[in-house]
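Dear colleague,

I am handing over the structure we spoke about, and below it you will find my notes on what was found. Please read them with the model open beside you.

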Amino acid sequence: MEILNIQDWRISVGSKPVIIAGPCSAETEDQVLMTAKSLVSKGIRIFRAGIWKPRTRPNAFEGIGSIGLQWMKRAKEETGILLATEVATPEHLEECLETGIDIFWIGARTSANPFAMQELAEAMKGMDLPVLVKNPVNPDTDLWQGAIERLQIAGIERIGAVHRGVSSYDPGPYRNVPLWEMPIELKRRIPDITMLCDPSHIAGNRIMIESVAQKAFDLNFDGLMIETHNDPDQAWTDAQQQINPEQLDRMLRSIKLRLVHPEGISYEQLDEWRDKIDELDIQMLEILLKRMEIVNEIGRYKKACNMTILQPERWNNVLMKNIRQSEEKHLGKDLITKIFFAIHEESIRKQTEIMNKKEPG
Ligand code: PEP
Ligand code: MN
């Protein structure tokens, strides 16, 4: 069995990114072979295709099933491309191992389900192939981390995370809300994890894929999993978000890659700015502390006067005044709003504590 080093997935543009491309679903033998061949001609080394599709409603196309694995196998035999597919059950896994799938991914509906994750993790025990875990459909970083931990406990060493956005009643211009803070936080908790982005499912349309992909690289992602089909308009699933191999190639060429620590540059100026920022952060904390001390005073006073903690008019004035000032000073209104909501929440928390503290005796 070919052993893949996670580092070896890095391919294509520059030296860094892992690019996994291929259709949402395997549909026909021709579609699989044609797409894989064009991708190989563009330098792509990992092919994705969904064999079993977790569809939201029944009666939609639920994947071609086992026969599709044979088509993928043939694509590998003819081109040498590595194969990735989604597994949701131990039975899927077994069939994939028999066929020679190289990389597995666990879908967003499965990573949201600890029972399914546990079953899969146990079935994967002793397996030495990479596994990618998509974030759960709901915005829950702990659940995502938990799914990864179940695989770690099962001894899987090469684990990657795939950020595919989250479901929302109102996803705005996206299909799935990106919530970039989730992958940023997961990477902070598991610094060694390979972090990929699936811009196709975040965007949900062809137009926004590139900007989502660029954003992922600007946030230091390691690569992309991107839905690519030889004839996207005719795709049986997710047609509106699939691109063809030429479009993928053009997109990858126009994406800019940046490094966390570029070599050969002077860090002196950067260090100087960072020292200033550190100094300002200290001042900011001191000011916050002073502000909180006054909040406590007010809390004790309100308690003595039997006055409510929330004073709606005062709170509205504070918020509006600061928003107005932020606009005059061209500081982001959203930022100031978030900061003052957080400060106010903490003030209420502190005053509630004071108000409800039982006096001795
Ligand atoms: C997919 O990648 O085809 C897929 C079904 O994605 P997700 O699990 O992220 O919805
Ligand atoms: Mn899809």
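Is Asn-59 buried or exposed? With a relative accessibility of 79%, Asn-59 counts as exposed, where buried stands for under 20% relative accessible area, exposed for over 50%, and partly exposed for what lies in between, computed with a 1.4 Å probe on protein chains only.

Before going further, please bear in mind that this is a predicted model, in which local features need a pLDDT of at least 70 and side-chain atom pairs count only at pLDDT 80 or more, while totals for chains, interfaces and linings use all residues. Residues are numbered from 1 along each chain as its sequence is written, chains are lettered from A and ligands numbered from 1 in the order in which they are written, and side-chain values use heavy atoms, with hydrogens and water left out.

The chain as a whole

The accessible surface of the chain comes to about 19700 Å², with 53% of it belonging to carbon and sulfur atoms; accessible areas come from the Shrake-Rupley method with a 1.4 Å probe, and for residues only the protein chains shown count as cover. Among the contacts (heavy atoms within 4.5 Å) with a separation of 6 or more, 71% are between residues 24 or more positions apart.

The domain assignment gives domain 1 (18–254) and domain 2 (268–355), the bounds coming from an automatic or database assignment, and the C-alpha centres of the two domains lie 42 Å apart. Lys-321, which lies in helix 12 (residues 312–328), counts as partly exposed at 36% relative accessibility, and its C-alpha atom is separated by 53 Å from that of Ala-60, 261 residues away along the chain.

The ligand

Ligand 1 is surrounded by Arg-48, Lys-53, Glu-86, Trp-105, Gly-107, Ala-108, Arg-109, Lys-134, Arg-164, His-201 and Glu-227, each counted if one of its heavy atoms lies within 4 Å of the ligand. A polar side-chain atom of Lys-53 lies 2.7 Å from an oxygen atom of ligand 1, a polar side-chain atom of Arg-109 lies 2.9 Å from an oxygen atom of the ligand, and an N or O atom in the side chain of Lys-134 is 2.7 Å from a ligand oxygen atom. Of the 290 Å² of accessible area that ligand 1 has on its own, the protein covers 96%.

The loop between strand 8 and helix 10

Gln-241 lies in the loop between strand 8 (223–227) and helix 10 (245–254), and is buried, with a relative accessible area of 0%. Its side chain makes a polar contact with the side chain of His-201 (3.3 Å), a polar contact being a pair of N or O atoms within 3.5 Å, of which, within protein, one must be able to donate a hydrogen and the other to accept it, and residues adjacent in sequence count only if both atoms are side-chain atoms. Leaving aside neighbours within four places in sequence, the residues in contact with Gln-241 include His-201 and Glu-227, and both of these are also among the residues that surround ligand 1.

Thr-228 belongs to this loop as well and counts as buried at 0% relative accessibility; a polar atom of its side chain lies 3.1 Å from the backbone oxygen of Ile-226. In the loop, too, is Asp-238, which counts as buried at 13% relative accessibility and has a positive phi near 50°.

Most residues other than glycine have a negative phi. Asn-59, placed in the loop between strand 2 (46–48) and helix 2 (67–79), likewise has a positive phi, of about 75°.

Helix 7

In helix 7 (residues 181–189) the buried residues are Met-182, Pro-183 and Leu-186. Seen down the helix axis they fall within an arc of 90°, so they line one face of the helix, the arc being that of the directions from the axis to the C-beta atoms. These buried residues pack against helix 6 (141–153), strand 6 (159–163) and strand 7 (194–197), whereas the face turned away from them carries the exposed residues Glu-181 and Arg-188.

Terms used
Helix = DSSP H or I, 4+ residues; strand = E, 2+ residues; numbered from the N terminus.
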